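Colleague: Thanks for making time for this. Could you walk me through the structure below?

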Amino acid sequence: MTVEQPTQVDTLVVGAGQAGVAMSEHLSKLGVPHLVLERSRVAEAWRTGRWDSLVANGPAWHDRFPGMEFATAADAFPAKDQVADYFEAYARQFNAPIRTGVEVRKVLRNTGRPGFTVETSEGVIQAHRVVAATGPFQRPVIPPIAPENGRLTQIHSAEYRNPQQLPEGAVLVVGAGSSGVQIADELQRSGRRVYLSVGAHDRPPRSYRNRDFCWWLGVLGEWDAEIAKPGREHVTIAVSGARGGQTIDFRALAHQGITLVGLTQAFAGEHVTFRADLLDNLARGDENYLALLDAADAYIARNGLDLPLEPEARRRLPDPDCVKQPILELDLQQAGISSIIWATGYAVDFSWLQVDTFSEQGKPLHQRGVSREPGIYFLGLPWLSRRGSSFIWGVWHDAKHIADHIATQRKYQAYSDTRHASAQADAPALNLSPVGAH
Ligand SMILES: Cc1cc2nc3c(=O)[nH]c(=O)nc-3n(C[C@H](O)[C@H](O)[C@H](O)COP(=O)(O)OP(=O)(O)OC[C@H]3O[C@@H](n4cnc5c(N)ncnc54)[C@H](O)[C@@H]3O)c2cc1C
């Protein structure tokens, strides 16, 4: 998008992924002058930051903003490029003032005057407010246990594109959230031998009794949960829209040919050890799965809904050998493993935002995105206000809240005392000189 870069702006939004686009829409609706700066292109993460075959984890009717539908069937799972196209079209629809190809390098609070000095790759801007919409998943994290082993190709899931990219041989995929599980499945289907290291996870049914899990989480109020259940804060969610959308069933993946192992513990040379927690992790995932089926059944009964029974959803496949006799250690070379894919998540990076709103651990301090430093806002972070906050449908609502907050602050700042001003206008003119100025 081509927008002139001003030297001053009321509100600067950093990042034009879905969060930046949603922010711009709400600011536009409230008439707040703003500019969005994006270092790459609109929705770049969807365009180039993910693997080739990725489709949205939620159906098109659900994973979208209220103001526009996808051009695909409502129950289809849009491909990643269709998601990127969607956000580009969405931004065009309301003429979002986005300037692409400009990186924000530093934000510093002004002293003795309001606002912030923003250093960008294209010069300095003064902004009254800054919204950090730079994404929930900025910096791929590989845990320190990763071995130093020149024989192995090791990449983060953020760098994975397709099976052909890897050297021949078996692959160890560490992490079984939505990314790890989908990548492991794709690699196994392409003919690779795959080991999948499974930690704690939730695994909702893809659909149950004719409703997608996105619908169930919506009507059951789960997307609106404000905090994760105690002890489940770091539990990943294993879902997939691949091949039309199917429930992630780890036993089915094992019967298909993937070797499941527990949490990856340590490496020593070619030797890797796994925790003896595979059975527990699968059991907790099953518990989560069954709890959703129970809650769905109860919801249907309470509301007298006419949705077909689905008893087969409660049938469990027999435990495969890798679950019955879990592998606790492995010689990577003997197992033919030539690559490790670390599907181990991401961290945020706010090193450019040099203001006083971070904990000692560098965690952003805010309330529903309104930071402790007046004028600084965060958007798109996991659990910013609720479970849905880092997802497409959730970020739109958080952006609305932040835009309202900005509009309210602007009203306070624009206030002038009209009573006092009119009293002064009525009073006889006085020749007021500054005290002591004679
Ligand atoms: C593999 C994967 C699949 C996902 N699938 C789904 C799904 O199906 N449905 C769903 O709802 N959610 C999904 N998500 C979660 C979430 O929707 C995405 O991560 C989404 O990209 C987040 O959007 P965002 O705008 O918050 O951040 P991003 O898309 O990361 O956008 C941030 C933007 O900020 C820009 N930026 C960063 N720093 C600067 C800077 N200093 N100056 C200028 N620009 C900067 C970046 O270039 C980027 O374009 C998925 C996430 C992943 C990782």
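Modeller: Gladly! The centres of domain 1 and domain 2, taken over C-alpha atoms, are 31 Å apart, with domain bounds that come from an automatic or database domain assignment. This is a predicted model, in which local features need pLDDT of at least 70 and side-chain atom pairs count only at pLDDT 80 or more, while totals for chains, interfaces and linings use all residues. Residues are numbered from 1 along each chain as its sequence is written.

Colleague: How many residues of domain 2 are in contact with domain 1?

Modeller: Domain 1 covers 8-138 + 348-420, and domain 2 covers 141-345. Contact here means C-beta atoms, placed from the backbone, within 7 Å. On that basis 17 residues of domain 1 meet residues of domain 2 that number 20.

Colleague: Is helix H4 largely enclosed or open?

Modeller: H4 spans residues 178-189, with helices being DSSP runs of H or I of at least four residues and strands runs of E of at least two, numbered from the N terminus. A residue is buried if 20 or more other C-beta atoms, placed from the backbone, lie within 10 Å of its own. The cover over the buried residues of H4 includes strand E9 (170-174), strand E10 (194-197) and helix H6 (250-256). Because 11 of its 12 residues are buried, H4 is largely enclosed.

Colleague: Which residue with a positive phi follows H4?

Modeller: The phi in question is near 105 degrees. The residue that follows H4 with this value is Gly191.

Colleague: Which element gives the most to the largest nonpolar core?

Modeller: That core has 57 residues, and Leu12, Met23, Val130, Val131 and Leu379 touch the most other members. A nonpolar core is a set of buried Ala, Val, Leu, Ile, Met, Phe, Trp, Tyr and Cys residues joined through C-beta atoms within 7 Å. With seven residues, the element that gives the most to this core is H9.

Colleague: And how many residues of the shell around the ligand are charged?

Modeller: The ligand has 34 residues around it, and Gly15, Gly17, Gly135, Gly380 and Phe391 come nearest; being near means a C-beta atom, placed from the backbone, within 6 Å. Helix H1 (18-29) and helix H9 (392-414) are among the elements that each supply at least two residues of this shell. Asp, Glu, Lys and Arg count as charged, Ala, Val, Leu, Ile, Met, Phe, Trp, Tyr, Cys and Pro as nonpolar, and the others, Gly among them, as polar. The shell has 16 nonpolar and 12 polar residues, and its charged residues number six.

Note on methods
The expected span of a helix is 1.5 Å times one less than its number of residues. Two residues are in contact if their C-beta atoms, placed from the backbone, lie within 7 Å.
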